[in-house]
Amino acid sequence: MRGWSGKYLYIDLTNKKYQYLETPIDYLHNYIGGRGLAVRLLWDLNPVGVDPLSPENHLILAVGPLTGFPLPSSGKMVVASKSPLTWGYGDGNIGTRVAVELRNLGVDAVVIKGKSPEPTVLYISCEGVEFRNGRDYWGLTTLETERRLKKELGERVSVLSIGPAGEKLVKIATVISEFGRSAGRPGIGAVMGSKNLKAVAVKGCSRPEPADRGELIKLGSEAYRKVKESQLYEFWVRQGTMATIEWSQKNSVLPTYNFSEGVFEYWEGIDGYIMESMKVRIKGCPNCNMPCGNVVKYVTSTESGEAELDYENVAMLGSNIGLAPLNKVAHINLLADLYGIDTISLGSVIGFAMELSEKGLLKDRIEWGDYSGIKELTRQIAYREGLGDLLAEGVAGAADRIRGEALKYAVHVKRLEVSAYDCHAAPGMALAYATSPIGAHHKDAWFIATEVKMGRFSYALEKVERLVWMQNIRGGMFESLVTCRLPWVEVGLDLDYYPKLLTAATGVTYTWDRIYEVANRIYSLIRSFWVREYAAVGCGWSYELDVPPAKWFTQPLTKGPLRGSKLDTDGYMAMLRHYYSMRGWDENGVPRKSTLEKLGLSYVIPTFEKLGVPLS
Ligand code: PTT
Ligand code: SF4
């Protein structure tokens, strides 16, 4: 087999056993890899309705047939599991050398189940899997864990680890690699913690072989050259995603004061130009020639250090909680990386607490922008102390416990906190969040830029058609290849390279039609997974789960050029209905029987029938 490896590594932590299993060829051809393979394996292997923090839940590390090859930004991988935050499908995409090492190990994925009786570190190499005692690592930050493991096992080893937050089963804990790359927003760090798995260290020993090496090298080199020649290249490597702060402010979508406003009065203190003045280094993921990891050096009156900044981190830990300037935001960003907490959800849950505090709905006091309060609250969340224990449940979990008026201020979709775009005046982006397959995240559709061009107040159905296309490209194709999508998004690399590269890598002809079919299949399977898991615990699936936060419909913006704006319920519902019909889902968002059959997902039907899911 070429392009793919044709096998995956199955590890049982409870019994300290492992085996290599064949990846069914149909899974590779029809789901490609990464997210596609991960959801198919989770569907097959997870017991229906399993508690995400129980040993029976599977953690999946998946690469794709383009990962690690010499082509733009191919050093990415997917971490996936059933999410303890949402109880649905959860995944994240991370740029790390681990992705390349997994390819060099000759596997399509690593699947981990069970629970080690004591803290453990997995060391996976071509000699096999070592279950190493992780007691000395338990309690360490992600940075210390990675440093020590490299010292112990050698610099060539690549590491994924969790911090104290994952150990304490904080529902917004992520997996960290390379001192500041993070993945698995929906609590995948807590899944590792529940398995007593502190870290996974990987070292491969061979190289994956493409079907047509000559063609792959030719296309890859050409694509690298196009990236470098782009007129957008120079500014991209200067500011990376941080340029979005200014853009979001100008377009009134910068999340501010717990998504109450789209503009922030101190935005110039946290923007890309300030970042440039603090920048000491640039970091890139493996095989990337347009690196965007902005490492800054910061000094505050109480601490100094280095942190890697991205737009989402700075918006959520800056404007959304009223914090500026950037040196303070950078320190909170670093704390999140060290503890292993998702920055987006952290900024959201702290913003939620601040708004409740302001409205007298919380007995604890925490003011907007209170730097020392934010530092302490971040620590409390990581260690589940005091108010932090409540907030460690995420916005939806905390709101469920406080109840009453608090529910009005909880900003999330399907229990995942919203990433950094305010949608009071962005119905298309709101729909993108509401239909994202992991809960409110922009990974599948950064629709806001398209929306600015198509008209902010339009509920036109053409937006829905564009959105479905975008989800299929980003969430369907890129997440299964697996490569970084930014060469296309940010410097305009021609999308047509990807089917050609995929064909050269695998020897299987992938036309655009075939790629869209795979993407539609992945979307309907992920949706089926959610429906199955909710049905198993007695929750019927309803369109209400695909509706954005109430705040955007009920509390208009009070500042900025778009003040007075809010979403319109009828307009939104018409868009949602059109979305369902394009995907072949019924009026509640459940895939229709005919859709499942058409996409080769007939195996879903008996499960739905057994669970009493109404199928139309
Ligand atoms: C991603 C989410 C993002 S999306 C950001 S910043 W972004 C946050 N980063 C965090 C962080 O850092 N530390 C932390 N403790 N928590 C964090 N949470 C947030 O996680 C990321 C880049 C970026 S930077 C983006 S948009 C693109 N994302 C891609 C994607 O999803 N798929 C893909 N094929 N290519 C992508 N390219 C870009 O990669 P999650 P990373 Mg992350 C410090 O993982 O769970 O998907 O959440 O992956 O390696 O850090 O690269 O403005
Ligand atoms: Fe990583 Fe940025 Fe390069 Fe993408 S563009 S591979 S996120 S460094």
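This is a predicted model: local features need pLDDT of at least 70, side-chain atom pairs count only at pLDDT 80 or more; totals for chains, interfaces and linings use all residues.
Next, select residues 7–12 and 109–113. These are strands β1 and β6, paired in the parallel sense over five bridges. Show side chains for Tyr 10 and Val 111. Tyr 10 stands opposite Val 111 of β6.

Move on to ligand 1. Select the 31 residues that surround it. The closest are Asn 93, Ser 182, Asp 337, Asp 342 and Glu 479. Colour the shell by class: eight residues are nonpolar, twelve polar and eleven charged.

Which strand or helix gives the largest share of the shell around ligand 1? Strand β5 does, with four residues. β5 (89–95), β11 (181–183), α11 (311–317), α12 (326–339) and α13 (343–358) each supply at least two shell residues.

Colour by domain next. Domain 1 (7–203) and domain 2 (233–421) each contribute at least three residues to the shell around ligand 1.

Finish by zooming in on the polar atoms of ligand 1.

- Ser 182: a backbone N or O atom lies 2.8 Å from an oxygen atom of ligand 1.
- Ile 341: a polar backbone atom is 2.7 Å from a nitrogen atom of ligand 1.
- Asp 342: an N or O atom of the side chain is 2.6 Å from a nitrogen atom of ligand 1.

Methods. Residues are numbered from 1 along each chain as its sequence is written. Chains are lettered from A and ligands numbered from 1 in the order in which they are written. Side-chain values use heavy atoms; hydrogens and water are left out. A residue is near a molecule or strand if one of its heavy atoms lies within 4 Å of it. A polar contact is a pair of N or O atoms within 3.5 Å; within protein, one must be able to donate a hydrogen and the other to accept it, and residues adjacent in sequence count only if both atoms are side-chain atoms. Ala, Val, Leu, Ile, Met, Phe, Trp, Tyr, Cys and Pro count as nonpolar, Asp, Glu, Lys and Arg as charged, and the others, Gly among them, as polar. Domain bounds come from an automatic or database domain assignment. Two strands pair if DSSP finds at least two bridges between them.
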